[in-house]
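Open the structure in your viewer and keep the selection tool at hand. The tour moves from stop to stop.

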Amino acid sequence: MELLMAISLFLVISYAFLHLTKSLLQKQHQCCYMLAYECYKPLEETKLSTDACAKIVLRNKNISVDELRFLLNAMVSSGIGDESYGPKNVLEGREESPTLTDAISEMDEVIFTTLDSLFAKTGVSPAQIDILVVNVSLFSPAPSLTSRIVNRYKMRENVMSYNLSGMGCSASIIGIDLVQHLFKTHENSYAIVVSTESFGLHWYCGKEKSMMLSNCLFRSGGCSMLFTNKNELKKKAILKLKCLVRTHLGADDEAYECCIQLEDEKGHEGFRLTKKLTKAAAKALRLNLRVLVPKILPVREILRYWIVNLIRNTNNKGDPQLTSSGANNLDFKTGAEHFCIHPGGRAVIDGVGMSLGLSEYDLEPSRMALHRFGNTSAGGFWYVLGYMEAKKRLKKGDRILMMSFGAGFKCNNCLWEVMRDLDDLNVWKGIIESYPPSSLANPFMEKYSWINDDYLGFVRLER
């Protein structure tokens, strides 16, 4: 009987040991490492200087002095500087009649330039790529953009390709989430995620103020990233994905409609941003944090938060809840050393910074990426990360919290661990020395403040 018990105990222990070993080995292959990323720096001739922007605005015969004043104030308060980039067809004066060739050319320039650099930088061949994800929200041709990449680089016939559209500014994290899920069932794989946006085809030429905002904020840019779950490449990796949380408020009509593509009354197609966007973003962030906080903050910080709020709410006879207004009672710096906030606009950066209780030092990378490159949609994160790297902020073991918002309405956040000290100048080469500038003031007000003169309300501007 004792022998039977001993054999049974041995078998149970052996099974548990084998199961644990198998789980650990599977977990190793399920890791998501970033090996490299390449941001797109547009050509100098596509730079949207103050004068170039004014020229584009003033040739729009649909707008009056009132709309000009609105655009001036929007540009001045946007947080964008004098050196961001725009689509070629818009700079050439063809924003009202873009062609399919314009759109494809715009995508090819971003995608192929960054991928060429990525393959050259890493030494990984296109034939080695197992998973390919491309996210461009506003342009989905046939054959797909992923097919154009497969054709250009002659990738294998069994490459798993995914073309994501309509995901908005948070599409980059959605693409990475797809990759990390695929890694769980596909061992020893390489994956590429390409994030950019098509603006030339969707430049708004009407006069509705809520739709004119997109012209003020969005700029050309993009990024290509290389990932792997090969454990032997761990030492070559720059980042490791620790956790990722997605929140979608599409069931809420108000949130769904606050950021939407449509036509105005005159038939001009564009992207409408309403005043309800701030409310939707706050709600999405609150719901996302409820899931994210326990994953990234230490237990001691969560306990401290709940005790403080329990006492406060007991005194106020309320219930302790994690709210966006109460989130700044949490010390998020106990869970991350760096904060990569999507550079969607000054209001977005200010709002997230206030909610999380971040300092100007924490917000500087996002402000500088917005100032230099504008809102490049889903590719914006990586200009922020590039700034941190160029400034030599990222050290081995540091954690980076990425936070994004997108049409739908979505809030997608993730946490990365820095795998080694990073100091690549990347897209900031040759300009990082001048950042941060002494002033972020937009030159529009200095050059075009005359638009606010009272007498213009009684005259018609000749264009």
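Select Pro 143. Pro 143 lies in the loop between strand 2 (131–135) and helix 6 (145–153). Helices (H or I, at least four residues) and strands (E, at least two) are DSSP runs, numbered from the N terminus. The peptide bond from Ala 142 to Pro 143 is cis, with omega near -5°.

This is a predicted model, where local features need pLDDT of at least 70, side-chain atom pairs count only at pLDDT 80 or more, and totals for chains, interfaces and linings use all residues. Residues are numbered from 1 along each chain as its sequence is written, and side-chain values use heavy atoms, leaving out hydrogens and water.

Next, pick Lys 154. Lys 154 sits in the loop between helix 6 and strand 3 (160–164). Phi of Lys 154 is near 55°, a positive value in a residue other than glycine.

Now go to helix 12 (residues 346–356) and helix 13 (residues 360–373). Their axes come within 10 Å and cross at roughly 175°. Axes are lines fitted to C-alpha atoms, for helices over the stretch in contact, and angles run from 0 to 180 degrees between N-to-C directions. Helix 12 is therefore roughly antiparallel to helix 13 (angles over 145 degrees count as such).

Show the side chains here. Arg 346, Ile 349, Asp 350 and Gly 353 of helix 12 meet Leu 363, Ser 366, Arg 367 and Leu 370 of helix 13 (contact means heavy atoms within 4.5 Å).

Finish at Phe 409. Phe 409 is in the loop between strand 10 (399–406) and strand 11 (410–418). A cis peptide bond joins Gly 408 to Phe 409, with omega about 15°.

Terms used
Angles under 35 degrees count as roughly parallel, over 145 as roughly antiparallel, 65 to 115 as roughly perpendicular and the rest as oblique.
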